[in-house]
Amino acid sequence: AKGRAITRVGGEDRYETAGLVADKVTEFAGEKGLAMIATGANYPDALAISPVAARLRAPILLVRKAGLPDITEAALTRNNITKTLIIGGEDVISETIAEALPEVEKRLAGKDRYETAHAIAREYHSETELVFLATGLDFPDALAAGPMAAKAEAPLLLAPATELRATTKAYLE
């Protein structure tokens with residue numbers, strides 16, 4: 001980009017990159033000390049919480065199924081994270097990992113990625129006139145919609161390819 005400074009933020013893997021992005025986010029954090037915690041093994045939960053994280057100016061840090069990566073733990077400490085919000089059920093973020101995190105305010109989860117996105121919408125967007133809907137089967141559409149949903153203060157719901165889930169239909173109604 002001509003005449004513009006570009007900063008590249010990247011680590012050895014997604015966990016380190018998330019920690020380095022957290023360093024940048026906490027420079028202008030809204031609710032100080034808050035971080036969203038999502039699995040690094042798959043994308044839907046992190047994407048579904050991304051508009052909320054952007055609006056609250058809270059970083060999203062990633063964990064492994066097997067445990068809390070040292071690099072994520074270091075990012076929590078480095079960024080003075082004192083409160084966490086877990087995104088996803090115990091099948092993706094175990095209670096053992098939850099116990100290793102700073103104060104867990106709540107866990108937003110459903111039986112699958114669609115219901116987890118719905119739980120986020122219910123928690124943060126109980127009344128809204130605008131909803132963003134993207135496929136839950138691949139990440140590019142939801143990734144592209146996330147910033148716009150954040151700007152509009154609207155939820156980002158995920159859907160299968162052919163039919164809306166009952167919880168999504170009920171939320172829309």
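This is a predicted model: local features need pLDDT of at least 70, side-chain atom pairs count only at pLDDT 80 or more; totals for chains, interfaces and linings use all residues.
Entry 1, the helix pair. Two packed helices are described by the angle between their axes and the distance between the axes. I looked up both for helix α2, residues 44-56, and helix α6, residues 140-152. Their axes come within 8 Å and cross at roughly 25 degrees. The angle falls under the 35 degree limit, so I record α2 and α6 as roughly parallel to each other. For handedness, I find that α2 passes α6 in a right-handed crossing.

Which residues make it? On the α2 side I list L47, S50, P51 and A54. On the α6 side I list A142, L143, G146, A149 and A150. I then sorted the residues of this contact by type: seven are nonpolar, two are polar and none is charged.

Phi of R57 is near 55 degrees, a positive value in a residue other than glycine. Is R57 buried, exposed or partly exposed? I read a relative accessible area of 40% for R57, which means partly exposed.

E153 has its place in the loop between α6 and β6, where β6 covers residues 156-159. I note a positive phi of about 55 degrees for E153, although E153 is not a glycine.

Technical notes:
Residues are numbered from 1 along each chain as its sequence is written. Side-chain values use heavy atoms; hydrogens and water are left out. Axes are lines fitted to C-alpha atoms, for helices over the stretch in contact, and angles run from 0 to 180 degrees between N-to-C directions. Helices (H or I, at least four residues) and strands (E, at least two) are DSSP runs, numbered from the N terminus. Angles under 35 degrees count as roughly parallel, over 145 as roughly antiparallel, 65 to 115 as roughly perpendicular and the rest as oblique. A crossing is left-handed if the near helix is turned anticlockwise from the far one by less than a right angle, and right-handed if clockwise. Contact means heavy atoms within 4.5 Å. Ala, Val, Leu, Ile, Met, Phe, Trp, Tyr, Cys and Pro count as nonpolar, Asp, Glu, Lys and Arg as charged, and the others, Gly among them, as polar. Buried means under 20% relative accessible area, exposed over 50%, partly exposed in between (1.4 Å probe, protein chains only).
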